[in-house]
Amino acid sequence: LKTSPATSRLQRLQGEPSPGMAQVIAYITQLRQFAQKRLTTTVEEDNSNRDYFEEVKEREERAVSEKIQLEQKLKLQRVELHKQSNQMQSAADRTRAELHELNTRTAKEKAGIETSAKTVRAEDFKSYDEERSELQIELDAAK
């Protein structure tokens, strides 16, 4: 019996299963557990699970729909804000240009007024000096 080749094969079978055989055993065990669970699940539990998953699916669909609507609304708001920002920037640019133009015009008018004032002042001094000279001559003549 010890010399028979079948004996050595039988001894190997009684020990630990090979890695491939261990995988097959684990798979069959999982399959058996799944089948047992399926068979022990009642119709009510199955309906309850189905209802729950349908509710979750509906909530997810609503959430996706709401997300899309909110994204569209946000996009429209961004476009509107960008438009308003551009309008405000244009108004600010126009106001700056008008202010610059007013400052330039004011400076020119101020320079013109100063020049005119100097001319009038010089004429007034000249006229004063002439009248003073005439009055001095009259005063000297009267003495």
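Which pattern does the chain follow, read along the sequence? In this predicted model, the chain reads α-α-α.

## Fold and extent

The chain has three helices.

The C-alpha trace gives the extents along the principal axes. They are about 175 × 50 × 20 Å.

## Burial and surface

How much of the chain counts as buried? Of its 143 residues, 1% do. The cut-off for buried is under 20% relative accessible area.

The chain exposes about 14,000 Å². Carbon and sulfur atoms supply 56% of that area.

## Nonpolar patch

Which residues form a nonpolar patch on the surface? They are M21, V24, I25, Y27, I28 and L31. Together they have about 580 Å² of accessible area.

One of these patch residues is I25. Its place is in helix α2, which covers residues 19–40. The relative accessible area of I25 is 44%. Partly exposed lies between under 20% for buried and over 50% for exposed, so I25 counts as partly exposed.

## Charge

The chain carries 25 positive and 26 negative charges.

Notes
Residues numbered from 1 in each chain as written. Predicted model: local features only at pLDDT ≥ 70, side-chain atom pairs only at ≥ 80, totals over all residues. Heavy atoms only, no water. Patch = residues over 30% accessible without salt bridge, like charges linked within 9 Å, V, L, I, M, F, W, Y side chains within 5 Å. Areas by Shrake-Rupley, 256 points an atom, 1.4 Å probe, with all protein chains shown as cover. Salt bridge = Lys/Arg side-chain N within 4 Å of Asp/Glu carboxyl O. Helix = DSSP H or I, 4+ residues; strand = E, 2+ residues; numbered from the N terminus. Buried < 20%, exposed > 50% of the residue type's maximum accessible area, 1.4 Å probe, protein only. Lys, Arg positive; Asp, Glu negative; His and termini not counted. Charge placed at Lys NZ, Arg CZ, Asp CG, Glu CD.
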